[in-house]
Amino acid sequence: MSDLEGFGFVLPHWFYWGWLAVMPLILMALDRWMGKPGDAGEAAGHPVMGELQAEEDPLIALQFEGNWFTRMIDWISDKSGLFVAFWTVNAVCFYFFEVVMRYLFNMPTIWVHEASFLLLGMQYLLAGAFALLHGAHVRVDVLYNLLPLRGRVGMDIFTSMFFFIFALALLITSWTFFMNSYSMNETTVETWGIQYWPVKGMMVTGAVLLLLAGVSKLIKDIVLFVRLGQEPSA
């Protein structure tokens, strides 16, 4: 830290990574502890994500959860999204600290901006599975909404092959980036110089979570497609 002595308070690298790992767990535990008994029932199911397609997704509209395997994956997807959602609080606190130090004490920091955009970038990567679970991804639905319910499920099954091509490509390239970064102990080029390989490791984690969420959705789509076909037509 001797090279950074003239820059005022500099957040230690170990504290940054440790705090990102522990802070959401603390807030999730507090939320569970302070929650009302009736909150658990209200929180069940799919929250409103602000996207119209969430209401048009057959799995969400029918609250179809599949089997124990898909429920386990969906639980992981949901909790991982909740975990990284709490990181936003850190970005707000970081920038508040930066404003105070810059305009009240004339001591701008060298780490707040970098810490925040790395945090938000990792949050974006890790939240993909949560968004897929709750139907929050952008979807072109020119023909989708014109199809009957079973037709929508069939369309989701057909287009899943494009999703898996993307998810596998993301996983493979992210793994390559991570291994290269880890092998050279890559750090950022800014003065703070924090380790960069954990960020690329989050790319791998996000790709794995997204792939698992896609597998869960495909299984549920196939089962629902078969069940809808077995129902007698009105």
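## Salt bridges

In this predicted model, five salt bridges are counted. One of them joins lysine 220 to aspartate 74, with 2.8 Å between the closest N and O atoms. Because lysine 220 belongs to helix α10 and aspartate 74 to helix α5 (residues 68–85), this pair ties together parts that lie 146 residues apart in sequence. Both partners are buried: lysine 220 has a relative accessibility of 6%, and aspartate 74 has a relative accessible area of 12%.

Another salt bridge links lysine 200 with glutamate 186, where the closest N and O atoms are 3.1 Å apart. Here lysine 200 is in helix α10 and glutamate 186 in the loop between α9 and α10, so the parts tied together are 14 residues apart in sequence. Lysine 200 is buried, at 17% relative accessible area.

Within helix α10, aspartate 221 and lysine 217 are four residues apart, which means a separation of about one helical turn. Their side chains meet in a salt bridge with an N to O distance of 3.5 Å. Aspartate 221 is buried, with a relative accessible area of 2%, and lysine 217 is buried as well, at 17%. These two residues and Asp156 are linked in a network of salt bridges.

## The cavity

The model has one cavity of 30 Å³ or more. This largest cavity holds about 110 Å³ of space. Twelve residues line the cavity, and those nearest its centre are Leu59, Leu132, Leu133, Lys217 and Lys220. Two or more lining residues come from each of α4 (58–61), α8 and α10, with α10 giving the most, four residues.

At least two lining residues are supplied by each of α7 (112–126), α8 (128–133), α9 (149–183) and α10 (197–230). The largest share, eight residues, comes from α9.

The lining of this pocket consists of 18 nonpolar, eight polar and five charged residues.

## A buried contact of alanine 207

Alanine 207 lies in helix α10 and counts as buried, at 1% relative accessibility. The C-alpha atom of alanine 207 is 6.3 Å from that of alanine 167, although the two residues are 40 residues apart along the chain.

## Loop asparagines with positive phi

Two asparagines have a positive phi although neither is a glycine: asparagine 106, at about 55°, and asparagine 185, at about 50°. Asparagine 106 is placed in the loop between α6 (87–103) and α7, and asparagine 185 in the loop between α9 and α10. Asparagine 106 is exposed, with a relative accessible area of 64%, whereas asparagine 185 is partly exposed, at 46%.

## A nonpolar surface patch

Trp14, Phe15, Trp19, Val22, Ile26, Leu30, Trp33 and Met34 form a nonpolar patch on the surface, and together they have about 940 Å² of accessible area. One of these residues, valine 22, is located in helix α1 (residues 13–34). Valine 22 is partly exposed, with a relative accessible area of 41%.

Key:
Residues are numbered from 1 along each chain as its sequence is written. This is a predicted model: local features need pLDDT of at least 70, side-chain atom pairs count only at pLDDT 80 or more; totals for chains, interfaces and linings use all residues. Side-chain values use heavy atoms; hydrogens and water are left out. Patches are made of residues with over 30% relative accessible area and no salt bridge: like charges are joined within 9 Å, nonpolar side chains (Val, Leu, Ile, Met, Phe, Trp, Tyr) within 5 Å. Accessible areas come from the Shrake-Rupley method with a 1.4 Å probe; for residues, only the protein chains shown count as cover. A salt bridge is a side-chain nitrogen of Lys or Arg within 4 Å of a carboxyl oxygen of Asp or Glu. Buried means under 20% relative accessible area, exposed over 50%, partly exposed in between (1.4 Å probe, protein chains only). Ala, Val, Leu, Ile, Met, Phe, Trp, Tyr, Cys and Pro count as nonpolar, Asp, Glu, Lys and Arg as charged, and the others, Gly among them, as polar. On a 1 Å grid over the protein atoms alone, a cavity is a set of points where a 1.4 Å probe fits but cannot get out, and a pocket is an open set with protein on both sides within 12 Å along at least five of seven lines; lining residues have an atom within 4 Å of a point. Grid points are joined across faces, edges and corners, and a volume is the space filled by probe spheres set on the points.
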